Amino acid sequence: MSQLKFDLHCHSNVSDGLLSPEQVAARAKANGVDVWALTDHDELGGVARARAAAEALGMRYIPGVEISVTWAGQTVHIVGLQVDETNRTLLDGLYATRNGRERRAHEIAGELEKVGICGAFEGALKHVGNPDLISRTHFARYMVEAGHCCDTKEVFANYLTEGKPGYVPHRWATLKESVDWIRGAGGVAVIAHPGRYKYTQTQFGALFDEFKQLGGAAIEVHTGSHTPEQYEEYAQIARSYGFLASMGSDFHGPGESRVDLGTLPPLPKGLTPVWHDWQL
């Protein structure tokens, strides 16, 4: 398996990606990916299409999801890999997590209107593939389209984040709920892109400890939002805590993502990959 190319974190327009599951599969294949997981936010609706597309292209498919979690006042993402997408408890939990996004979206639009950005809810809705999953990313795309910012990076530098216009917090699942749902569906729980979270060293230690105690098994070491320096930092954390190592581009769409599907380097030596015992 050391010769296979893995990408175990990316998104389609079933959540906040730009491309359909079939288009994401084709792009992954074109970039040399052998083992691929679609991990849409809080939604398993694209899994069947992604699996069919991957199998038609000769890729191995891993059913996945990315669950939004509130921990210590911030949003953390937990990826579930090898989950049973028909598991009722997981499906019900994801539905509960999605519930409330529309209300939050109206509140975001109201906050943006206060700083002169009008029609944002309707504008964001035009970019939504799944109305249940309207998110800040859809607002960012509208704001670029409407000429308020040059690109989505500029949007998030000036709007929609804590302390900036348009920011509205949302209460997601708990860390325990997310890990329980994933494990109950036969999956492996992975902390997504840990380098993105703004925690102190003490808070990170508490997060990793709690995650491991709950049955969380892995962290992403190589991911699109990590720098090369962070690759080694989180490789060392994986070694220290005994976590399995995962990797994925976190691809959302051409021109929006730092890293394309299948373009990350292999994991550092001395780590146990999350796929070490998978039958591939």
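Contact here means heavy atoms within 4.5 Å. I wrote that down before opening the structure.

**Ground rules**

I am looking at a predicted model, where local features need pLDDT of at least 70 and side-chain atom pairs count only at pLDDT 80 or more, while totals for chains, interfaces and linings use all residues. Residues are numbered from 1 along each chain as its sequence is written, and side-chain values use heavy atoms, with hydrogens and water left out.

My helices (H or I, at least four residues) and strands (E, at least two) are DSSP runs, numbered from the N terminus.

**Entry 1**

Two packed helices are described by the angle between their axes and the distance between the axes. For axes I use lines fitted to C-alpha atoms, for helices over the stretch in contact, with angles from 0 to 180 degrees between N-to-C directions.

I started with α1 (residues 21-30) and α2 (residues 47-57), which pack at about 35° with axes 8 Å apart. Their crossing is right-handed. A crossing gets that name if the near helix is turned clockwise from the far one by less than a right angle, and left-handed if anticlockwise.

Which residues of α1 and α2 meet? I found Pro21, Glu22, Ala25, Ala26 and Lys29 on the α1 side, and Arg49, Ala50, Ala53, Ala54 and Leu57 on the α2 side. I sorted them into seven nonpolar, no polar and three charged residues. For this sorting, Ala, Val, Leu, Ile, Met, Phe, Trp, Tyr, Cys and Pro are nonpolar, Asp, Glu, Lys and Arg are charged, and the others, Gly among them, are polar.

**Entry 1: α9 and its two partners**

Next I looked up α8 (residues 175-184) and α9 (residues 201-214), whose axes come within 10 Å and cross at roughly 35°. This crossing is right-handed. From α8 the contact uses Leu175, Lys176, Val179 and Arg183, and from α9 it uses Leu207, Glu210, Phe211 and Leu214. I noted five nonpolar, no polar and three charged residues there.

Then I turned to α9 with α10 (residues 228-241): the angle is about 50° and the axes are 12 Å apart. That makes the pair oblique. My cut-offs are under 35 degrees for roughly parallel, over 145 for roughly antiparallel, 65 to 115 for roughly perpendicular, and oblique for the rest. α9 passes α10 in a right-handed crossing. Here Phe204, Gly205, Phe208, Asp209 and Lys212 of α9 meet Tyr234, Ile237 and Tyr241 of α10. By class I wrote down five nonpolar, one polar and two charged residues.

**Entry 2: the cores**

In soluble globular proteins, nonpolar side chains tend to be buried together. Buried means under 20% relative accessible area, exposed means over 50%, and partly exposed is in between (1.4 Å probe, protein chains only). A nonpolar core is a set of buried Ala, Val, Leu, Ile, Met, Phe, Trp, Tyr and Cys residues joined through side-chain atoms within 4.5 Å.

Which members of the largest nonpolar core touch the most other members? Of its 70 residues, they are Leu8, Trp36, Ile67, Ile78, Leu81 and Val274. Apart from this core lies another of 19 residues, including Ala124, Phe139, Met143 and Val168.

I followed Ile78 into strand β5 (residues 74-81). Ile78 is buried, at 0% relative accessible area. Leaving out residues up to four places away in sequence, Ile78 touches Ile67, Leu175 and Phe211, among others.

Is His226 buried or exposed? I found it buried, with a relative accessible area of 1%. His226 sits in the loop between β7 (218-223) and α10. Among the residues it touches, not counting those up to four places away in sequence, are His193, Glu220, Tyr234 and Arg258.

Arg101 belongs to α4 (residues 101-113). At 6% relative accessibility, Arg101 counts as buried too.

**Entry 3: positive phi**

Most residues other than glycine have a negative phi, so I noted the exceptions I looked up. Ala72 has a phi near 55°. Ala72 lies in the loop between β4 (64-71) and β5, and is partly exposed at 47%.

Asp250 also has a positive phi, of about 60°. Asp250 is in the segment after β8 (244-248), and is buried, with a relative accessible area of 10%.
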